[in-house]
Amino acid sequence: MSEKRSLRVAIIGAGMSGLCMAAKLQDAGIETFTIFEKADEVGGTWRDNTYPGLSCDVPSRFYAYSFRPNPAWSRLMSPGPEIHSYFRQVATERGIRPHIRFGSDVTSARYRDGQWWVGTADGEEAFDVLITATGFLRVPRYPDIPGLDSFAGPMFHSSRWDHSVTLPDKRIGLIGTGSTGVQITAELGGKVNGLKIFQRTPQWVFPTPNLRYSRFTKTALQRWATLNKLGYWFWQTYIEHGFGRATVEQCWQRRAMAAMCRWNLRLSVRDPELRRRLTPDYQAMCKRLILAGHYYQALQKPGVHLVSQAIDHVEPRGVITADGTLHELDLLVLATGFDARAYVRPMEIVGEHGLKLDEAWEDGPHAYRSIAVPGFPNLFMLMGPHSPIGNQSLVIVAEDQADYAMWWINQIRDGSVVAAAPTEAATKDYNESMKAAMPQTVWVTGCKSWYLGKDGLPELFPWTPRRHRELLATPQTDDFVIRTA
Ligand code: NAP
């Protein structure tokens, strides 16, 4: 048997997917990896987002690594700090921390002489394989509202929450009614001096009560590991056969979920005028569906006002809407989303023959099966372009992508492959077949959302989660340019 090469692997990012990759490398007996993390703690989005009401709207049993169940989840959809604590725990108990270089911001990665040279403030370092695990909703998007900077009170983006600002005494203005804005509203409604929610587009809300797990359930899950597997399987089946199909096929699930959203609005909001203002004019799930238990209830609490007039501008005292009303505020929160196309950027990635990733992605980010890019050998992306990122658990997506990268890493380690990158033709075919499938999806049924790319097409995976697993199960070596020793 041939001797295995000792491989040096660089992972950029110690969030959910970076930790997942690290665990997979360890399972394969590879300890020669380094994780570059710009912050001083693991957790990615669960470290950066700390806004009040933060939780995951995917049931926690399924929003966890399949190899590390957590019997202690407190709720069906656990609060953000608990999820962050879970990832911190995994990093510690798996012995991943010694591999992490905290405070190490990667500014460039260049493929030179068959290796990836990863650049940080400390200089460049060579690796055989590069994994980007930088997440995709990371760079805050600030709204382009005239006068925004003139606001006299504190103002911050939802993902940069300033906890030194007290809330109960404040008249708060919240711009944005996406998943984040809804969670903030549900938490703060009725608990502060005033809450004005500036809604540009109404959202469909799928009723999702967030039940608490009893002590009995937690004890049982602790005792019988199979129950955790059963819970994982149950929620996976529910989500993949429900949301997973409803978004990409014209099926009964799509109709049933849309009906649930309509009933939820009708039963929860009795005031016809408020209901009218909350009723979207597009199909449910066209934008990322909001899953929430008591958003509508929070909206109807004393001191909470939904403002559906467009924002005209901001002045030091508050927000002026198109009808000329001044909404006086003490604090302005921008729950206005993220630049979903930042992916691995602003870091500069340069592949073979000096090809920059920015050039390769001039017409928008695209990849071979979300994972690899022609001209960038031995580079594997987790949560790359067109990953299945709708209302699903991204953890299982990261696991499947990491397993796929592991297959190539094992070939490189065995010596049967020195370098591999997908062909232009295979990448083009793959992207064209995705484009052809887009008309079946709910995302093109007439709404504006962050899912849509430059060309107006969704930058999402247009098939079922099962198809995603099938596509990644067996790497097609014919689709790759492979260099051997
Ligand atoms: P988002 O879905 O992009 O929503 C941004 C909100 O800001 C929208 O309501 C948007 O209105 C509004 N907005 C943006 N610019 C505006 C402007 N200039 N004037 C007025 N309103 C403006 O962002 P998000 O809520 O942060 O969520 C982003 C994604 O993060 C979600 O889709 C989801 O994938 C993820 N997330 C997940 C969870 C979870 O529990 N799993 C929780 C939070 C976030 P329009 O609709 O009119 O554009």
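Modeller: What follows goes through the salt bridges pair by pair, with the terms explained on the way. The model is a predicted one, in which local features need a pLDDT of at least 70 and side-chain atom pairs count only at pLDDT 80 or more, while totals for chains, interfaces and linings use all residues. Residues are numbered from 1 along each chain as its sequence is written, and side-chain values use heavy atoms, with hydrogens and water left out.

A salt bridge here is a side-chain nitrogen of Lys or Arg within 4 Å of a carboxyl oxygen of Asp or Glu, and the structure holds 26 of them.

Consider the pair of glutamate 37 and arginine 47, whose closest N and O atoms are 3.1 Å apart. Because glutamate 37 belongs to strand β2 (residues 33–37) and arginine 47 to helix α2 (residues 45–48), this bridge ties together parts that are 10 residues apart in sequence. Helices (H or I, at least four residues) and strands (E, at least two) are DSSP runs, numbered from the N terminus. To say how covered a residue is, buried means under 20% relative accessible area, exposed means over 50%, and partly exposed is in between, with a 1.4 Å probe and protein chains only. Glutamate 37, with a relative accessible area of 4%, is buried, and arginine 47, at 14%, is buried too.

Another salt bridge joins the side chains of arginine 171 and aspartate 330, at 2.8 Å from N to O. This pair links distant parts of the chain, 159 residues apart, since arginine 171 is in strand β9 (residues 171–175) and aspartate 330 is in the loop between β16 (326–328) and β17 (331–334). Arginine 171 has a relative accessible area of 31% and therefore counts as partly exposed, and aspartate 330 is partly exposed at 22%.

There is also a bridge between arginine 317 and glutamate 315, with their closest N and O atoms 2.8 Å apart. In this pair arginine 317 is partly exposed, with a relative accessible area of 47%, whereas glutamate 315 counts as buried at 18%.

Finally, bridges can share partners, and in this way Arg110, Arg112, Glu124, Glu348 and Lys356 are joined into one network.
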